[in-house]
Amino acid sequence: MPRTRTGPRQGNASGSEQPRIVSSAHLVSPQSAEMSEFEFGLIVAGNAFHRWIVHCMSAAGLKDLTPLDVLVLHHVTHRARDKRLADICFIMNVEDTHLINYSLKKLQGLGVVASSKNGKEVTYAATDTGKAYVERYRAIREACLINALKADDALNRDIGELARLLRVLSGVYDQAARAAASM
């Protein structure tokens, strides 16, 4: 992992400067070296999260799913309401409907998601089998992740603030993507 000493940084007790941990030192900006640190953290955390959800679902009994498949199954199960493909893509912030559609077809083939047609609308919902896998996932998540976290009120507030900040930054990245696409 590349390290760089670009920009001011809090020193340790001895007053020496700590190196920044970034994935791409050539992208570090003097205006916000912290953004490069954040992006590296996001890469590492995103990959760890994807690995976790795949292993958790595998432990629940559904093997060979991609991270997107797991997330689609959870979203289709969310609030026990049928979902349209466009709604799933919108909520998950996925532009390529083919990716979500492929996951839905795969999940239908496994018998954990079913589609229904209401006029011209096709909607998707978790089957009873799908709901059972999601419940097992929830129990494993509680045992392996939530109990290991041992979160207290202060940590839960920090996690909530981090979630809020991630939502804000996703909007900033979306706006930057639109700006870059128009160049």
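Helices and strands are DSSP runs, a helix having at least four residues and a strand at least two, and they are numbered from the N terminus. With that in mind, you can begin at a loop: select Ala-80, which sits between helix H2 and strand E3 (83-84), and remember throughout that this is a predicted model.

Most residues other than glycine have a negative phi. Ala-80 is not a glycine, and yet its phi is positive, at about 50°. Is Ala-80 buried or exposed? Its relative accessibility is 68%, and because exposed means over 50%, Ala-80 counts as exposed.

Now select Lys-150, which you will find in the loop that runs between H5 and helix H6 (153-181). Lys-150 likewise has a positive phi of about 50° without being a glycine, and with a relative accessibility of 69% Lys-150 counts as exposed.

**Stop two: helices H1 and H5**

Two packed helices are described by the angle between their axes and the distance between the axes. Select helix H1, residues 33-60, together with helix H5, residues 128-149, and turn the view until you can see how they pack, at an angle of about 120° and with their axes 8 Å apart. That angle makes H1 oblique to H5, and the crossing of the two helices is right-handed.

To see where they meet, show the side chains on both sides: H1 brings residues including Trp-52, Ile-53, Cys-56 and Met-57, while H5 brings, among them, Tyr-133, Arg-136, Tyr-137 and Ile-140. Sorted by class, this contact of H1 with H5 holds 11 nonpolar residues, two charged ones and no polar ones.

**Stop three: helices H2 and H5**

By class, the contact of H2 with H5 has four nonpolar, two polar and one charged residues.

Leaving out residues up to four places away in sequence, Lys-131 touches Thr-77 and Ala-126, and its relative accessible area of 39% makes Lys-131 partly exposed. If you draw a line from the C-alpha of Lys-131 to the C-alpha of Phe-90, it spans 22 Å in space, and the two residues are 41 apart in sequence.

**Stop four: a histidine in H2**

Next select His-75, which belongs to helix H2. With a relative accessible area of 11%, His-75 is buried. Which residues is His-75 in contact with, once its neighbours within four places in sequence are left aside? They are Lys-83, Asp-87, Ile-88, Ile-91 and Met-92.

**Last stop: the nonpolar core**

Finish with the largest nonpolar core, which has 22 residues, and colour Met-57, Leu-73, Leu-104 and Val-113, the ones with the most contacts inside it. At least two residues of this core come from each of H1, H2 (67-77), H3 (85-92), H4 (97-109) and H5.

Centre the view on Val-113 and display what surrounds it: apart from neighbours within four places in sequence, Val-113 is in contact with residues including Leu-73, Val-76, Leu-104 and Leu-107, and also with Gln-108, Tyr-124, Ala-125, Ala-126 and Thr-127.

Key:
Residues are numbered from 1 along each chain as its sequence is written. This is a predicted model: local features need pLDDT of at least 70, side-chain atom pairs count only at pLDDT 80 or more; totals for chains, interfaces and linings use all residues. Side-chain values use heavy atoms; hydrogens and water are left out. Axes are lines fitted to C-alpha atoms, for helices over the stretch in contact, and angles run from 0 to 180 degrees between N-to-C directions. Angles under 35 degrees count as roughly parallel, over 145 as roughly antiparallel, 65 to 115 as roughly perpendicular and the rest as oblique. A crossing is left-handed if the near helix is turned anticlockwise from the far one by less than a right angle, and right-handed if clockwise. Contact means heavy atoms within 4.5 Å. Ala, Val, Leu, Ile, Met, Phe, Trp, Tyr, Cys and Pro count as nonpolar, Asp, Glu, Lys and Arg as charged, and the others, Gly among them, as polar. A nonpolar core is a set of buried Ala, Val, Leu, Ile, Met, Phe, Trp, Tyr and Cys residues joined through side-chain atoms within 4.5 Å. Buried means under 20% relative accessible area, exposed over 50%, partly exposed in between (1.4 Å probe, protein chains only).
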